[in-house]
Amino acid sequence: MNGPSVGEPLLTIRDLHVDYFDQAEPVHAVRGVDLTLRRGETLGVVGESGCGKSTLITAVTRLERPPAVTTAGSVLFHGREGAEPVDLLRLTERELNKLRWEHIAVVFQSAMNALNPVLRISTQFADVLGRHRGLSRRDAERRAAELLAMVGIPEDRLRAWPHELSGGMRQRATIALALACEPDLVVMDEPTTAVDVVMQRQILRQIARLKRRLGFSVVFITHDLSLLIEIADRIAVMYAGQVVETGPARQLYTDPRHPYTAALRSAFPPVRGPRREIVGIPGSPPGLRTPPTGCGFHPRCPRAFEPCATTAPALLALGTAPSAGEVACHLHPGPTPAANARQDSARQEDTHAGA
Ligand SMILES: Nc1ncnc2c1ncn2[C@@H]1O[C@H](COP(=O)(O)OP(=O)(O)OP(=O)(O)O)[C@@H](O)[C@H]1O
């Protein structure tokens, strides 16, 4: 990959809004999300079911289906060196097809949905590699065998039908297929929920190894915060369609600032380290046809106080270092002026980059 150096923005999401227009009053599933993914980074997006993670990711990758409509925002994809960033939301279907597989690949929860059940594994690789890389059937199969070997699938499985593979193998085949054209960005939506814990660990280890070798960036969606600590560089916590906290993975886990992040942490057992008591989060995420006023979490928040029910807290930087996290919570109202300035200038840079 000949892209700009590690650490530069690869994807910049700004003020993204997505609604489901299924009834007179739409569901406001994504409500003003700002997020940046840097080159070479694994960004975890976490939140309970119904917080808007999948909606966010299908909108960003332009894979949303009606009644979902992206009503506002931009998603700048910063391509290879020298290329102008493009707003994915404004591309035609034809332009998108050029980006898919070669630059952006998606791995969904269910491998069975991603693999075509009536085509042999070899044919599915040959299709993608033929269309996007111009490989002959024979070369595509050779490449497919290499890719499958990378995820620990023996070459003789190349001729198998998807239903002949175990769940774990199918999921790994999907990951290999996503990596076939060496994309810059791989988006993974709960890629390991359908497999057992041992297989999950194995797949995650393989993803980390492949990422080190191939250098792609990852957006990884899950409801399991403990899992993200193991694999993500940075984490964004979503609640009620909004990002409520971001930060370096370990810091966000050891020192969560948003009460929702703290609650999520208590709700999942740590993958490593000492055991601690698991405490569920009372209640459930709000319906998003009429989201709560003020902070979306206030009806469930043990630390809610007077402004929380009425005033929505802005997502503000927690410090001046480029790696500092952000939080949207009235308990943390005062970032330093310098931090605000940093945030403003970062936003401006992103905006100019997209101009
Ligand atoms: N097709 C749809 N029509 C109407 N509302 C929808 C539709 N799909 C999702 N929603 C609503 O949008 C909101 C966000 O859902 P979304 O699936 O994005 O959340 P999620 O965090 O990804 O949850 P999960 O982990 O269960 O996939 C929820 O309130 C959900 O009920």
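Reader: How do the residues of the shell around the ligand divide into nonpolar, polar and charged?
Author: Happy to start there, keeping in mind that this is a predicted model. The shell holds 15 residues. By class, they split into six nonpolar, seven polar and two charged.

Reader: Which element gives the largest share of the shell around the ligand?
Author: The closest residues to the ligand are Y20, A29, S49, S54 and T55. Two elements give two or more residues to the shell, namely β2 (27–38) and α1 (53–60). The largest share is three residues, and the element that gives them is α1.

Reader: Which strands stand at the edges of the sheet?
Author: Let's walk along the sheet. Its eight strands form an open sheet with mixed pairing, in the order β6-β7-β8-β3-β9-β10-β12-β11. Each edge strand has a single partner strand, so one side of each is left without a neighbour in the sheet. Those edge strands are β6 (104–107) and β11 (316–317).

Reader: Which residue is the bridge partner of A317 in β12?
Author: Strands of a sheet pair through backbone hydrogen bonds, and they do so either parallel or antiparallel. Here β11 and β12 (residues 326–327) run antiparallel and are joined by two bridges. For A317, the bridge partner in β12 is E326.

Reader: What angle does the direction of helix α10 make with that of β9?
Author: Helix α10 covers residues 259–267 and packs on the sheet. There it touches β3 (42–46), β9 (234–239) and β10 (242–248). Its direction and that of β9 make an angle of about 105 degrees.

Reader: Which strands does helix α6 lie across, and at what angle does it run to β6?
Author: Helix α6 spans residues 167–178. The strands it lies across are β6 and β7 (185–189). Relative to β6, helix α6 runs at about 175 degrees.

Reader: How many of the 12 residues of α6 are buried?
Author: The buried residues of α6 include G168, M169, R170 and L177. Helix α6 is largely enclosed by the rest of the structure, because the number of its 12 residues that are buried is 11.

Reader: What percentage of the residues of the protein count as buried?
Author: Stepping back, the protein has 11 helices and 12 strands. Of its 355 residues, the share that counts as buried is 41%.

Notes:
Residues are numbered from 1 along each chain as its sequence is written. This is a predicted model: local features need pLDDT of at least 70, side-chain atom pairs count only at pLDDT 80 or more; totals for chains, interfaces and linings use all residues. A residue is near a molecule or strand if its C-beta atom, placed from the backbone, lies within 6 Å of it. Helices (H or I, at least four residues) and strands (E, at least two) are DSSP runs, numbered from the N terminus. Ala, Val, Leu, Ile, Met, Phe, Trp, Tyr, Cys and Pro count as nonpolar, Asp, Glu, Lys and Arg as charged, and the others, Gly among them, as polar. Two strands pair if DSSP finds at least two bridges between them. Two residues are in contact if their C-beta atoms, placed from the backbone, lie within 7 Å. Axes are lines fitted to C-alpha atoms, for helices over the stretch in contact, and angles run from 0 to 180 degrees between N-to-C directions. A residue is buried if 20 or more other C-beta atoms lie within 10 Å of its own, exposed if 12 or fewer, and partly exposed in between; C-beta atoms are placed from the backbone.
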